[in-house]
Amino acid sequence: MDVFGQLYFGFSVALQPMNLLYCFAGVLVGTLIGVLPGVGPAAALSLLLPITLYVPPVSAIILLAGITYGAMYGGSTTSILVNIPGEAASVVTCLDGYQMARQGRAGPALGIAAFGSFIAGTITIFMLIFLAPTLASWALKFGPPEYFALMVLGLSIMVYLARGSVINALIMVCFGLFLGTIGLDTMTGVPRFVYKITALMDGVGLIQVVIGLFGVSEVLLNVETAFKQEIFETKVKGLLPNREDWKRSIGPIGRGSILGFFLGIIPGMSVVIPTFVSYVIEKKLSKNPEGFGTGMIEGVAGPESANNAASTGTLVPMLSLGIPTGASTALLLGALMMHGLRPGPLLIQESPDVFWGLVASLYVGNAMLLVLNLPLIGLWVKILKIPYHFLFSLILLLCIIGSYITNNTAADVIIMAVFGLIGYLMKKLNYEAAPLVLALVLGPIMEAALRRSLVISEGGFGLFFTRPISASFLITALLILLSPLLLKKKRLREELRAGD
Amino acid sequence: MYNRTGKGMRVMLFVAVVSLMLSGASQAAQDYPKGTIQIVIPFAPGGSTDIFWRSIGDFVANNIGGTLAFVNKAGAGGVSGISFVANSKPDGYTLATGNSDPLNISPLFTPDIPYDNEKDITYIAKTAIFPFAIIVRSESPIKSIEDLVAFAKANPGKLKCGVAGVGTTPHMIIEMFNRDAKIEITPVPFSGGGEVVPNLLGGHIDLTVLSIAPIKSLYAAGKVRLLALMAPKRPAGFPQIPTIAEKGYKASNIATGIGLIGPKGLPQPIVKKWEDAVEKTMKEPKVIATVDKLEGLVIDYKRGEEYKKEILVEYAAFKKIVPTLSGAK
């Protein structure tokens, strides 16, 4: 059977009425938990895991996979409406999505997020089918030195994230890197900046920091000004993206999809990083980079496509090697194993119905999500019409639930509150949160990768430059850092002046 | 109105509460369980312990005759969840499960750990073990434990062994093996087994010690080679792989167990009820079949007292090697 024959077989499995029903249930649950900040797909998957024992394996995996990519759709909703990222992967969506909502364009923002996710889903499913085996072995070339080099590259693009002063952005990067060192040191187990607080042993949680910096601080700021002015313009301009929106978004969606997919394949790469990279690329390519952060639809389309693409990408190592790249894929693997299936190199031969059924259901599920999400836009946008003095208490409640639920610990709520205050001060003093969040994601991976590399090389730095992938990343990073000096001396001078 | 009847009401209430408490104390064990029992899983969703309990949860619930709610309270390598339970009310409605790491290793690594693994915990039962394996990729020239020891002796410190984290059972195993065989293999800590496997397959590390569940499919596909297993006996599905004890390294034969614990002072009748329920569950053919499918878990039922003894013996053994490692408190 050729690929298309197998795909046809996959669709015949996925389109069975029962499987369609499971797929729908999965994407519905996924959308809902995606909308709730802090509640990640992993929590929902582990709750539903026992239930899947009572259904056939294909249906089980279709249900569970539906939850994981459904959550990526839902994640953007609260980012756009109330500036709380539903998932860490939707942090970047806040930057322009929330601004769009404030200009009465929540509808197009939500719409492009849904369409972008759908297009990314479609593109990457075909990449998964045709490239999975080749790509899996490519991903294995990433050892600690390559991770380190990739993270350096990630850090080097960081300043482009900044909207205002570069110097302020760099200060936030340092602050984020510092926050990343809190907790038990992964190499030796020594506690750093823990001060005997058990809650800090694993470091400050990304989700708590993000909810605090974006959601809580925004509420504080709005409550302060609520008496003077309306927060959101009541007039909502259109519910769907118009022709102009599409023209601007189609490029970002395509680039975000491909980028997200490739970065998603690399095990241990977080789904968060591709969204930042996509945002920066769109900003660099844009004719109007200064507009980013004020409600540019490109800043929503690119990252939202990238996070969906990345979640398909994580299926590559899972299905072809049996390697979980995160909690969600670990649970999917667990579900397969509970049914006696063997995820890994032999899955396609041993259980073709599961493999091809899953692949086809990814496509079916994406279509369902689009149909499910478009009518919801009208409903979501109505939320913005609630007077802010009612809305903000609801937002705060969501923030508290979201930060509590990740570990079911009250200390996390305190951490969130502290970062809410920090975020408020940062906004008052014109420091942006996005560089901080990216540094907090990259920092711990970069440090661990550097130290692992040095253990492996017994202290020699040579391996960063003798390994081709690592060397090329480092050279690219160097070029990125030098490029403003070489090409845009003038602009840099202006930016630096803005920072004074 | 409150002022007039307040005193009488308070006396009545007091009597009611006291009599409830008295009757509660004598009847608690017979009535147990009478509501939802919270079982804390001290790790994030998706771990082996998590998947194990959620897949057999319904069977356990049937045998204990109550509703079970599994709650993930992750943090500090399981310490957060265990300390939550150790400090909860010993009424049998808040229990914890998990592998043995937070019980027999974390106390050696975590400063100011908020519980004493001997005094603050009631050990209820042990359910299963994860056997670990020493694994190389199939391209590796190392074909057996003898090869490994010979190579390590000739090249001290050259072999790099990926482990799933500092202060985890695999980390202890490789350190024990270093002492047992008088060799020097360098452990490289990663953040979890999911990171170790691609690094092994990509040849970035020379070997790893990992539980067998995640590598079973790679083994079947011929991508990795198992040199030895850490298990009381050869587990089903791996009849041709020797245990490390068979090769003469008895002290290195460590497998982590999944058990059930509660806070100190848990009434004996409740412990007994759980022991019986767990024992019955672990003997059910359907449960055995489910656990078999999870591949890499082996049912190993032990009563509370035996489980406690085992944890403390392992703890004493690790205590001897940990002060020599960097990072221990």
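## Basis of the description

A residue is called buried when its relative accessible area is under 20%, exposed when over 50%, and partly exposed in between, with a 1.4 Å probe and protein chains only. The model is predicted, so that local features need pLDDT of at least 70 and side-chain atom pairs count only at pLDDT 80 or more, while totals for chains, interfaces and linings use all residues. Residues are numbered from 1 along each chain as its sequence is written, chains are lettered from A and ligands numbered from 1 in the order in which they are written, and side-chain values use heavy atoms, with hydrogens and water left out.

## Glu146 of chain A

Because its relative accessibility is 3%, Glu146(A) counts as buried. This residue belongs to helix 7 of chain A, residues 144–156, where helices (H or I, at least four residues) and strands (E, at least two) are DSSP runs numbered from the N terminus.

Between the side chains of Glu146(A) and Arg467(A) there is a polar contact of 2.8 Å; such a contact is a pair of N or O atoms within 3.5 Å, and within protein one must be able to donate a hydrogen and the other to accept it, while residues adjacent in sequence count only if both atoms are side-chain atoms. If neighbours within four places in sequence are left aside, the residues in contact with Glu146(A) include Ile469(A), Phe473(A) and, from chain B, His204(B), contact meaning heavy atoms within 4.5 Å.

## Chain B as a whole

Chain B contains 12 helices and 11 strands, and 57% of its 329 residues are buried. Among its contacts between residues at least 6 apart in sequence, 78% join residues at least 24 apart.

## Two packed helices in chain B

Helix 2 (residues 48–64) and helix 10 (residues 268–283) of chain B pack at an angle of about 120°, and their axes are 9 Å apart. The contact involves, among others, Phe52(B), Ile56(B) and Phe59(B) of helix 2 and Trp274(B), Ala277(B) and Met282(B) of helix 10.

## Thr122 of chain B

Thr122(B) is part of strand 4 of chain B, residues 121–130, and it counts as buried because its relative accessibility is 14%. Its side chain reaches the backbone oxygen of Pro263(B) at 2.6 Å. Not counting residues up to four places away in sequence, Thr122(B) also touches several other residues, including Ile261(B), Gly262(B), Leu266(B) and Val271(B).

Technical notes:
Axes are lines fitted to C-alpha atoms, for helices over the stretch in contact, and angles run from 0 to 180 degrees between N-to-C directions.
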